[in-house]
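Thanks for asking me to look this one over. Here is my note, in numbered points, to read with the structure open beside it.

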Amino acid sequence: MKKELTKVQKYIVVIVLIFVTAFGIQFAMTQVGQQGKEDSLEKVNGQTEEITKSKVQVQVAGEVVNPGIYEAELDMRAEEVIEMAGGFTEKADRDKVNRVAYVKDGQKIDVPAVKEESSSKSSSKSSSKSSSTKKTSSTSAKTTKETATKPEPTPQPTEPAKFSINLNTASVDELAAVKGVSRETAEKIVSYRSENGAFASAEDLLDVPGVTMSVYNALEPLLQN
């Protein structure tokens, strides 16, 4: 009877060991799987965070084709972001932009326009006008002197009064009627006025391609104030 009980006990012990072993293996596999999932999740979150950090928002303004806010990479240079905005316009002053600088989040790339050399033009126009004034004064003085020393000539028929021209309303025919102004030049003046707006002063005529000082001197005395 004692031997039979021992045999039964052995069976029970074996069965218990089997269950304990199976449970232990199952538990270990569950822990390994859970740890793997956590590691994978951490890895994905880390990659997502890294990707998010590598993206920056950059504003491009000024003389570019499509100003606006663009999403760029941290390792991108300013020129690449400007290309994303359609590139420079014809008026852009490219030398004023550091195109090789790396961009950063919240940065604003402002592309300025080329400044017109208005001061040098104004100086040139003033010099030309001064030269013209001196020449006129010299001619007037010479004429006065000659008049004082020479007998008065026989009176000539009075010339008709010169007509006046409004630079901002004159037609091609009216401009071309002025002596010293060709029809081609008159067409250029009217075309320039249509594209750039009204002339602010007579000196603005010198901005028109093809208008020389001789053309300016021919028109200037006839222009309405």
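1. **Ground rules.** This is a predicted model, in which local features need pLDDT of at least 70 and side-chain atom pairs count only at pLDDT 80 or more, while totals for chains, interfaces and linings use all residues. Residues are numbered from 1 along each chain as its sequence is written, and side-chain values use heavy atoms, with hydrogens and water left out.

2. **Overall make-up.** The protein has six helices and three strands, where helices (H or I, at least four residues) and strands (E, at least two) are DSSP runs numbered from the N terminus. Read from the N terminus, the order of elements is α-β-β-α-β-α-α-α-α. Of the 225 residues, 21% are buried; here buried means under 20% relative accessible area, exposed over 50%, and partly exposed in between (1.4 Å probe, protein chains only).

3. **The sheet.** Three strands make an open sheet with mixed pairing, in the order β2-β1-β3. Its edge strands are β2 and β3 (108-111), each pairing on one side only. Strands count as paired if DSSP finds at least two bridges between them. β1 (residues 55-62) and β2 (residues 68-73) are antiparallel over six bridges, and they form a hairpin with five residues between them. In that pairing, Q59 has I69 of β2 as its bridge partner.

4. R183 and E187 meet in a salt bridge at 3.9 Å, N to O; both lie in helix α5, four residues apart, about one turn of the helix. D173 is linked with R183 and E187 in a network of salt bridges. E184 and K188 also meet at 3.9 Å, N to O, and they too are separated by about one helical turn in α5. E184 counts as exposed at 52%, whereas K188 is partly exposed at 36%.

5. **Which rings form the aromatic pair?** They are Y192 and F199, with centres 5.9 Å apart and planes at 15 degrees, so the pair is stacked. The rule takes rings of Phe, Tyr and Trp (its six-membered ring) with centres within 6.5 Å; planes under 30 degrees apart are stacked, over 60 edge-to-face, and the rest tilted. Y192 is partly exposed at 23% relative accessible area, while F199 is buried at 8%.

6. **A loop contact to inspect.** K179 sits in the loop between α4 (172-176) and α5 (183-196) and is exposed at 79% relative accessibility. Its C-alpha is 6.9 Å from that of A218, although K179 and A218 are 39 residues apart in sequence.

Definitions and conventions
Salt bridge = Lys/Arg side-chain N within 4 Å of Asp/Glu carboxyl O.
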